[in-house]
Each structure stands twice: as structure tokens, then as C-alpha cells.
Amino acid sequence: MTDPSLSTEPISISALAPGRTRVGIIGAGPAGLLLAQLLHRAGVDAVVLEARDRTYVEHRQRAGLLEQNTVDVLRAAGAGARLDREGLIHDGVELRFDRRSHRVDFPSLADGRRVTIYAQTEIVKDLIALRLEEGQPLLFEAVAQEIVGIDTDQPVIRYFHAGAEHTLDCDFVVACDGFHGIGRQSLPEHALTTYSREYPFAWLGILAEVPPSCEELIYARHERGFALHSMRSEHVSRLYLQVAPDDEVENWPDDRIWDELELRFAVEGDWKLERGPITEKSITPMRSFVAEPMRHGRLFLAGDAAHIVPPTGAKGLNLAAADVTLLARALDDWYSRTDATGLDRYSDRALRRVWRAQHFSNWMTTMLHPDPRDDAFTARLYLSQLDYVATSSAAAATLAENYTGLPLE
Ligand SMILES: Cc1cc2nc3c(=O)[nH]c(=O)nc-3n(C[C@H](O)[C@H](O)[C@H](O)COP(=O)(O)OP(=O)(O)OC[C@H]3O[C@@H](n4cnc5c(N)ncnc54)[C@H](O)[C@@H]3O)c2cc1C
């Protein structure tokens, strides 16, 4: 399908801000920033509107594990230099249960694929720096309030910035504005179907100024609850504990956290959890959510605006990157060849990957977290499944293939 009413002539930068652009992007999280950078590389103008200030966006602690696809697309966007220097490459993960430890090797099970540890905060810093260095429009403290005309050829974003209301006329609007943004709510109610699941537990996450006590991530199932040992760099550890969804950070003084982590990671043989100063603590609820479709008229949804996964499979950030990779290619095809195939197929293609990630994240979550609602029989079934993954290369390949990320279509 093509739309002859759209001009494919390039728009000069001076003609852009603040009133008109080709692609209006709401949100400067990883999805919005990466999309803007990919479009810039393809010669497609975009304006990014971000509600928060730069410091806030650059310091928001979230994900940190990148699939090979995400690394590849960040490199293609020109944001791979520091990632290549500072990212930690991991070839496997460790599973712990019944005080035993098992390693799942990625390259041998997943066609040579591996993962990279590089914090979301650093990706966001790199992409913001690139965009500003290249003189591309990125407005902080610019709050999108309404998207109008998504069924027309000229959708408009109304936004508030520097004490005044503004409008941004666009060819397309991409809502990369996270779970609580206005993008998804701008689709007509009858056009949207949502699917969700809440889990009866949450993650208490800490950041600690101490070198990691392991070389690869440790996922532990213990009768007291799940624990994960991750890291942000060679000097900073990131650790998580399963807690009740209504628990509060105030209930967890530092010593209690370290004691509980020690109990849940306990394993036969020599292994010591190094303790250090905790610099951040927060509790994150666990939720699965999908909104379908991811497009209506000239409005597209990408990243957390359309879907949320529980963090056990480390898929949230990677899905956001996959969405905008598809979308950037589709918009490039439109502007370079007036080919709308990619735009028309975007929602179906993205959702196929989203549902695979939903299944994998749910599979990891239920296998690794004791669920207070489960009876003893169900708990034994999950332990048996974990044991199967730890001892069968066929079962381990399922984990390795999904964890490192299936190739992009
Ligand atoms: C506490 C937490 C911990 C997480 N941990 C992990 C993890 O360990 N592993 C993992 O894989 N994933 C994790 N995730 C998920 C991962 O971080 C997200 O999937 C990822 O941030 C999605 O990127 P995004 O760009 O789609 O959305 P976001 O990063 O949420 O960015 C959306 C942006 O839109 C802006 N915005 C919202 N409304 C407006 C508006 N009206 N106008 C303008 N701007 C607006 C917001 O300020 C924000 O900057 C975590 C998420 C959270 C919340």
C-alpha cells in the first residue's frame, strides 16, 4: 500500500523545530533515542520530545543485559564505541538450586550467540550525546499532552515546553513513551486489545559498589525466594531478591539484604558473596502486558508503550530495540522508495517477537520464583523443569536461544 499524498522530499533541519517534522517521537528512553538515531542515519528527520530533564533520564537505573541483536543495532546507529570498550561479554549463565550450581553455555547451544552487559543508563547517555553532537532536535522537559489526527495524513502532537504550549505537525508519530505515556491511550478504545498478568511477587534491586562475586550472572531458586546476581561493570554489582509485592525498601536495611542474598545463593563448595556499600535500592513489581495492535493510522507504538515483561528473561530493553529496528527500516523504505510494506507489517512482525519474549519471560519467571499460591506438587514440577534445563542440552538450548535473542526477521 502506498500513500501518494506524502512528500518524500527531504526536509531541511531549519524547517523542522519546533513546528514540523517527518517523524514525531515521544519519549527519550532507549526506544525513542535509538529510533531517532537510526532515522538520522537513514536521512529521515525526526524530533524527540522528552517529559523529564536530561539528568533524570540519564540516571534512571533499569536494564543492563544486551542481546547480540541489540549490540549490532547500537553499533549500526553509531553508538557502539564505548559499548565495545566497556561492555562485558558473557558466554553463559549459572543456575543454582538445591545448593548445586549448573552452567548454561550460550555459544555451543545458540549458534555462537552471546550477551553483553552494558547498563541502560550508559546506552541512554551515549545516544543523547550523539544526537546533541549531531545537532538533531531533542527537547527535554517537553511534555506531550495530546496526539490528534492519527487517522489523517498529518497527525499533530500538542506539547508543553518552556512555559508554553506548542504543536508539532508530523507525517508519523511514534509513541516511545513507556508504560505510563499518552501514546497507547491515544488509540481509540475499540481498536485496542490488551493482555496482562500480575505476579504475586516483586524484585528488590540493589546497586552496590563492589566487584561482582561471579563472572557470569547467577539465577538462584531457593525455598526462601529467587535471587539474581548481575553486574553493571567490573566494579559495580547489581543484585535482586524476590520480595512480596507490597514490601517496602524501608524493611530492608543493608545487612538484612546481604544476609538474605547469602542464604539464597548458598552452594556446596567454595564461593563467597562479597559485600560492599549499597548505593541504590528499589522495589519493582512484576508484570506482563501486551497491547495489540502496535499501530493505528499514523500512530505507532514501540517499547514499553506497547508491552512489559517481567525482568527475569532480560527482554524489556531488547524488545524496545527490536521494535525500533523494524520501524526505522520501514520508515526508511517509505521515504526512500515510497514502499509502505514495512509500515503495514510492523505491528504483526513486532508482536510475533513480543509474544515469544512474553512466553520466555513467563517461563523463566515461573520456573525460578517460588509462588506463594502454588501447592507442593506444583513447586516440585518447577524444580524438575529447572533440573531438566540444567542437565539436558535440548532443554538448555531453549534457554540459551531465547536468552541470547532470536535473530531479527
Ligand atoms: C524499575 C525498572 C527496572 C527494570 N529492569 C530491567 C532489567 O533488569 N532488564 C530488562 O531487560 N528490562 C528492565 N526493565 C525494562 C526496561 O528498562 C524497559 O523495557 C526499557 O526502559 C524500555 O524502553 P522504552 O524507551 O520503551 O521506555 P522508557 O525507558 O520507559 O522511556 C519512556 C520515556 O518516555 C518519556 N515520556 C513518558 N510520557 C511522556 C510524555 N507525555 N511526553 C514526553 N515524554 C514522555 C519518559 O519520561 C521516558 O523517558 C526495567 C524497567 C523498570 C521500570
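Close-up A. Strand 13 (residues 193–208) and strand 16 (residues 237–243) run antiparallel and are joined by seven bridges. The strands are DSSP runs of E, at least two residues long, and the helices are runs of H or I, at least four residues long, all numbered from the N terminus. L207 has R238 of strand 16 as its bridge partner. Eight strands make up this open sheet, in the order 6-5-14-15-16-13-17-20, with mixed pairing; two strands pair if DSSP finds at least two bridges between them. Strand 6 (100–105) and strand 20 (307–308) stand at the edges with a single partner strand each, so one side of each has no neighbour in the sheet. The model is predicted: local features need pLDDT of at least 70 and side-chain atom pairs count only at pLDDT 80 or more, whereas totals for chains, interfaces and linings use all residues. Residues are numbered from 1 along each chain as its sequence is written.

Close-up B. An open, antiparallel sheet is formed by three strands in the order 9-10-11. Strand 9 (142–148) and strand 11 (164–169) are the edge strands, each with a single partner strand, so one side of each is left without a neighbour in the sheet. Strand 10 (residues 156–161) pairs with strand 11 over six antiparallel bridges. Within this pairing, V156 has D169 of strand 11 as its bridge partner.

**Close-up D. Helix 8 against helix 9.** The axes of helix 8 and helix 9 (residues 341–368) come within 9 Å and cross at roughly 170°; axes are lines fitted to C-alpha atoms, for helices over the stretch in contact, and angles run from 0 to 180 degrees between N-to-C directions. The two helices, helix 8 and helix 9, are therefore roughly antiparallel, a term for angles over 145 degrees. Residues in contact, with C-beta atoms, placed from the backbone, within 7 Å, include L319, A322 and W334 of helix 8 and L343, Y346 and V354 of helix 9.

Conventions:
Parallel < 35°, antiparallel > 145°, perpendicular 65-115°, else oblique. Contact = placed C-beta atoms within 7 Å.
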